[in-house]
Amino acid sequence: MSAVKNKAPAEVQITAEQLLREAKERELELLPPPPKQKITDQEELNDYKLRKRKSFEDNIRKNRTVISNWIKYAQWEESLKEIQRARSIYERALDVDHRNITLWLKYAEMEMKSRQVNHARNIWDRAITILPRVNQFWYKYTYMEEMLGNIAGCRQVFERWMEWEPEEQAWHSYINFELRYKEVEKARTIYERYILLLLLLTCRELCVKNWIKYARFEEKHGYIAHGRKVYERAVEFFGEEHVDENLFVAFARFEETQKEFERVRVIYKYALDRIPKHQAQELFKNYTMFEKKFGDRRGIEDVIVSKRRFQYEEEVKANPHNYDAWFDYLRLVESDADADTVRDVYERAIANIPPIQEKRHWRRYIYLWINYGLYEELEVKDPERTRQVYQACLELIPHKKFTFAKIWLLFAQFEIRQKNLQAARKIMGTAIGKCPKNKLLKGYIELELQLREFDRCRKLYEKYLEFTPENCTTWIKFAELETILGDIERARAIFELAIGQPRLDMPELCAYHLLLLQVWISYAKFELSVDGPDRLQKCRQIYEEANRSMRNCEEKEERLMLLESWRDFEKEFGTDSTGERVRKLLPEKVKKRRKLTAEDGSDAGWEEYYDYIFPEDAANQPNLKLLAMAKMWKKQQVIKEDDETLPENSPPSESHSLLLFDVLGSDGVRQWDDRLLLRVSGQSFPHVCRRKAAGFVL
């Protein structure tokens, strides 16, 4: 025996999975399908049967527990009308696995297809004896007997089935079977048996449902007294400890269909007194619907309101500052109770003043007062009490710390509805005197505009602008009002005053610059809208003045917006020359880099950003890149060597281009020709740069 020299594992390991995968990929085990053949005589048929039976038997012999092989074998014999052989195969299969449901079903179906009724009965009997809990056998067995017209046999099968106490659907199938043949008394007996069974099993949910079904069965067949007795027995059975709202709802509906309205009311009240409120939502709903249709609506609403009122009382008692609970409570009492009750709840609600004098804590609370005033005005129609509510609210608010413009405006609008204009103006004057706010001033102006009191509107706008002269929207609205009234000179004067406001010219106030831009554009559009021979010239002058005033603005986007508005104006109303002039004023968008510094002062890298270079700014400023000459001087020695070896007409090198960019910036690179700078009279690049830099200084 030779010894193994090397026992180490092979470098390439081959697994069984890999072998199987390769075999499948190469299709080593796949055989080509057998050729089709036509059987022409009995001998060939017998030979074919022999081969197929041998194949089936071989498969069964390999694995007897695979029931699908048995079924295929039996179905093949069945297709050849060899019923006896197929029956033999099924019997052999049942010896292997007698608990296989599919095997029994296929066996019985074969017998029924072959009209072998007794054989089929025999198979069903054996199946339900061996597997009595398989409902499918019972359903098919009873269906077969009913289809054959064997009603007595079918009833006998159902009786055998009921002995096993099956599920609910089986009992109802038995009941429906009896009803199909008008056997109402037998169906009632089955219901009684099933109800008794459920009582023994103490299955409460099924019990309630089937009590209701039993009663509806009696009602459907006209046995009203029997149906009522069933409901009464159910209520008596469950007692007061296990009351179910579904049972009482069904009982009440039953009595309602019989027009026994007093009985219905007694049932609902009995149930509501015994069922917990959180479990009786459906009961309340049905009781309400019943009372709306047949009874006293007031009675049922009192029941519902009392229940919900108790819940809200508990909530507001637990947290008196829960204003949402108060809103819900008030909505409830407003829909049902009388005015005195509603007032009482409102008074209790508004008595819970927020403990902190901060506006955010008062926002929900103040709506209690608003709703109170609206209720008194619209529902009760008591204007004097409404006035008292608003006055009490305004006395309560700490106006020195904060106020609510909505209350002042609602109070003034109420007085106008009462045709008391003088009182409304007095209210708004008091509001502006105590706590001037933008919303109050706007509301007062809108009020006077609706009354067409334009002189008062002018005075209010003047007060408004004295209060907030930096509010550009107010200036524009004031000018628009004068324009509507036809006073063009006053409108022009307002625009002139607006653009001359010192607070709007402060460069650190970027938001003001944006508002100032809106004033300028509105001013220009105003001049354009005024009919006259020189309207275009005036509009153009305003744009020019605006452009000059915004040159020092750090926010270049606002300046760009102004120029774009000017360009659109020239495009529509101007000439080619005026349009070209504005186009030359438009900036160039360039990408730049700037150094970032972290909070601790360390270097945070570089970031790219876009900047706008205006031609006017570039023409009026010296070369800001002159300081970069120090950097250029350090690089001169390296570039000089490159320059000496550079051919006469060669393009500039990358280092030259970078240095040129470093000295002149992105604008300068676009304005100069690289090759011209590199080769001017045979001079080197650094020398040309020095000459150009010196020229800039001069």
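## Confidence of the model

For residues 622-628 the pLDDT stays under 50, and the model has ten contacts beyond four places in sequence for them. The model is a predicted one. Across the protein chain the pLDDT averages 76, and 77% of the residues score at least 70. Over residues 504-510 the pLDDT is below 50, and this stretch has 13 contacts in the model beyond near neighbours in sequence.

## Helices α3 and α4

Helix α3 covers residues 67-79 and helix α4 covers residues 83-96; the two pack with their axes 7 Å apart, at an angle of about 165°. Because an angle over 145 degrees counts as roughly antiparallel, α3 is roughly antiparallel to α4. The crossing in which α3 passes α4 is left-handed.

On the α3 side, the contact is made by Trp 70, Tyr 73, Ala 74, Gln 75, Glu 77 and Glu 78. On the α4 side, Ile 83, Arg 85, Ala 86, Ile 89, Tyr 90, Arg 92, Ala 93 and Val 96 make the contact. By class, nine residues in the contact of α3 with α4 are nonpolar, one is polar and four are charged.

## The setting of Arg 188

Arg 188 lies in helix α10, which covers residues 184-201. Arg 188 counts as buried because its relative accessibility is 9%, and buried means under 20%.

Leaving out residues up to four places away in sequence, Arg 188 touches Tyr 214, Phe 217, Glu 218, Tyr 223 and His 226. Glu 178 is ten residues from Arg 188 in sequence, and the C-alpha to C-alpha distance between them is 9.6 Å.

Definitions and conventions:
Residues are numbered from 1 along each chain as its sequence is written. This is a predicted model: local features need pLDDT of at least 70, side-chain atom pairs count only at pLDDT 80 or more; totals for chains, interfaces and linings use all residues. Side-chain values use heavy atoms; hydrogens and water are left out. Axes are lines fitted to C-alpha atoms, for helices over the stretch in contact, and angles run from 0 to 180 degrees between N-to-C directions. Helices (H or I, at least four residues) and strands (E, at least two) are DSSP runs, numbered from the N terminus. Angles under 35 degrees count as roughly parallel, over 145 as roughly antiparallel, 65 to 115 as roughly perpendicular and the rest as oblique. A crossing is left-handed if the near helix is turned anticlockwise from the far one by less than a right angle, and right-handed if clockwise. Contact means heavy atoms within 4.5 Å. Ala, Val, Leu, Ile, Met, Phe, Trp, Tyr, Cys and Pro count as nonpolar, Asp, Glu, Lys and Arg as charged, and the others, Gly among them, as polar. Buried means under 20% relative accessible area, exposed over 50%, partly exposed in between (1.4 Å probe, protein chains only). pLDDT is the predictor's confidence in each residue, from 0 to 100.
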